Amino acid sequence: VTDSPLSLPPAPAPAPAPAPAAAAAPAPAPKPVADYKTLEDIYNTPRWPAEWDKTGLTVIVFGASGDLAWKKTFPALYNLHTHGLLPRHTSIVGYARSHMDHQKFLTRISAKFEGTEEMKYSFLSRCQYVSGAYDEDASYDKLCQELKVMEANAASNSGRPADVANRVFYFALPPSVFLQVAAGLKKFCMSPKGWTRMIVEKPFGRDLKSAQEMGNALGALFTEEQIYRIDHYLGKEMVQNLIAIRHANKVFSSIWNSDNISNIQITFKEPFGTDGRGGYFDKFGIIRDIIQNHLLQVLTLLAMEKPKSLSADDIRNEKVHVLKAIRPLDINETVLGQYVKDAQGNGEAYLDDPTVPAGSTTATYAALVMHIDNDRWSGVPWIMKAGKATNERKADIRIQFKNEIMPYGQEALRDELVMRLQPSEAIYLKLMMKEPGLSQGKLTQTELDLMYKTRYDTYLPDAYEMLIYDCLSGNQGNFVRTDELIEAWKIFSPLLEQIETEKKTPIPYVFGSRGPKEADDLTHKFGFRHAKSYAWAGK
């Protein structure tokens, strides 16, 4: 990112609004950015509900000068725009405490944008930066006046009233200022004639007590229908596919239970450490950062019963039923690790990060076992693993089925359904076949394989794009409800408190390795079998 002025072309004339159709057909799938020749190509092919043209939309990003906003939030909004998925009359406001002129703001937020200069200009011309405090009424009053001006300008020549606009407030903020900002918005910035929604980034508390306090405070200001707690894993394509895979395929109905499944493993790994952000990470650790939210959400989608409908509340009701059935976590079924340099001093060590407190015992790796005490899943261990500074970047689900004994005995390895969440989304089923040729019945393990990048020639939106679009559409099914959040903390808070009270020392593991050997021992103890001779061909 540089501070040099962004060179913008003259603003193109806005495309004329298409005449509203009496009965609009379903919106077609958006084309890749490269297919668009002009802005008219976007706006003359409606890709949003017809009612979105009847009102304005203002998206206000708090924490607009921070890393999350410029790395994720603004690029997601820009990509929605370039695919014709933002309403025509959209305004975007960045708000932060940092003093920054308008040109520097545009340069910063556009650093990761791709596409033509015309595309960039068409988005940036909607944007404005407002600097203000998070704890002063005068700042929120100033923001409110700016919103009114922007919404009036957006309404000009649209044929609709200037004060009819919906508002989305995106909290790309540390939790320490959530409630201050929420109170200021409630007092000064609610939409006068439209809906108001707020997207809140994790962490949603640090333990059960803080989560309850935050939930009660937000609940006193906003309704549940206005609060969108974003867990970006719920926006990932493969995670959003779990309900369809599980409940739209009859083949799984009779085998998705403890009669057939030996164990389920959900894994998150990344090949880098804290990269100078250890001071922030150290306050939370890997369990709070990854397992208590991202991986637990995946577990609930895999384990839940069939919902009555695909409505947000019916789906989230079933997820809550799963959370309430999870047995208290056992510290003896938990492995904690922290990455170090190798014996020759190569690589990185967590404690070498200058932002990490000296002697910190915060875990950068954790493996733990969860048990769901209901009829479907009794006896099936759910193995959750997450780690930084490991040997690869991946997130996947591995469902191992029980052994088939006769007539092949130990030669028949376990069938395994693998769902790769990232990178390169894929689903494959590992199964046994006769080795081709004159093998005289010898078995070999192969797979039925679906790789998204080879099967589907379509644009896959980023998780943040998915979730922001869901918020605009009023779809809360992919966001965390208050009772979900509380039940999740009821599961993890006792274990975290015990770890911190007993000052459990994490096991050292070498930067770039699989993690602590004790984690592999734990997964083996609970039935997971690693087929060392097998390598997925699509990798």
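Trainee: Which strands does helix 5 lie across?
Mentor: Helix 5 (residues 137-155) lies across strand 1, strand 2, strand 3 and strand 4, and runs at about 160 degrees to strand 2. Such angles run from 0 to 180 degrees between N-to-C directions, with axes as lines fitted to C-alpha atoms, for helices over the stretch in contact. Helices (H or I, at least four residues) and strands (E, at least two) are DSSP runs, numbered from the N terminus. This is a predicted model: local features need pLDDT of at least 70 and side-chain atom pairs count only at pLDDT 80 or more, while totals for chains, interfaces and linings use all residues. Residues are numbered from 1 along each chain as its sequence is written, and side-chain values use heavy atoms, leaving out hydrogens and water.

Trainee: Thanks! In what order do the six strands of the open sheet come?
Mentor: The order is 3-2-1-4-5-6, with parallel pairing. Two strands pair if DSSP finds at least two bridges between them. Strand 3 (127-131) and strand 6 (227-230) stand at the edges with a single partner strand each, so one side of each has no neighbour in the sheet.

Trainee: And how many bridges join strand 2 to strand 3?
Mentor: Five bridges join strand 2 (residues 90-96) to strand 3. For A96, the bridge partner in strand 3 is S131.

Trainee: What does helix 2 touch when it packs on the sheet?
Mentor: Helix 2 touches strand 1 (56-62), strand 2, strand 4 (165-171) and strand 5 (196-201). Contact here means heavy atoms within 4.5 Å.

Trainee: New topic: how many aromatic pairs are there?
Mentor: The count comes to 22 aromatic pairs. Rings of Phe, Tyr and Trp (its six-membered ring) pair if their centres lie within 6.5 Å; planes under 30 degrees apart are stacked, over 60 edge-to-face and the rest tilted. Y78 and F123 form an edge-to-face pair, 5.6 Å centre to centre with 85 degrees between the planes.

Trainee: Where do Y78 and F123 lie?
Mentor: Y78 lies in helix 2 (residues 67-82) and F123 in helix 4 (residues 117-124), so the pair ties together parts that are 45 residues apart in sequence.

Trainee: Are those two buried or exposed?
Mentor: Both Y78 and F123 are buried, meaning under 20% relative accessible area, whereas exposed is over 50% and partly exposed is in between (1.4 Å probe, protein chains only).

Trainee: Last one: what sits over the ring of W195?
Mentor: The charged end of R197 does, 3.6 Å from the ring centre. The rule asks for NZ of Lys or CZ of Arg within 6 Å of the ring centre and within 35 degrees of the ring normal.
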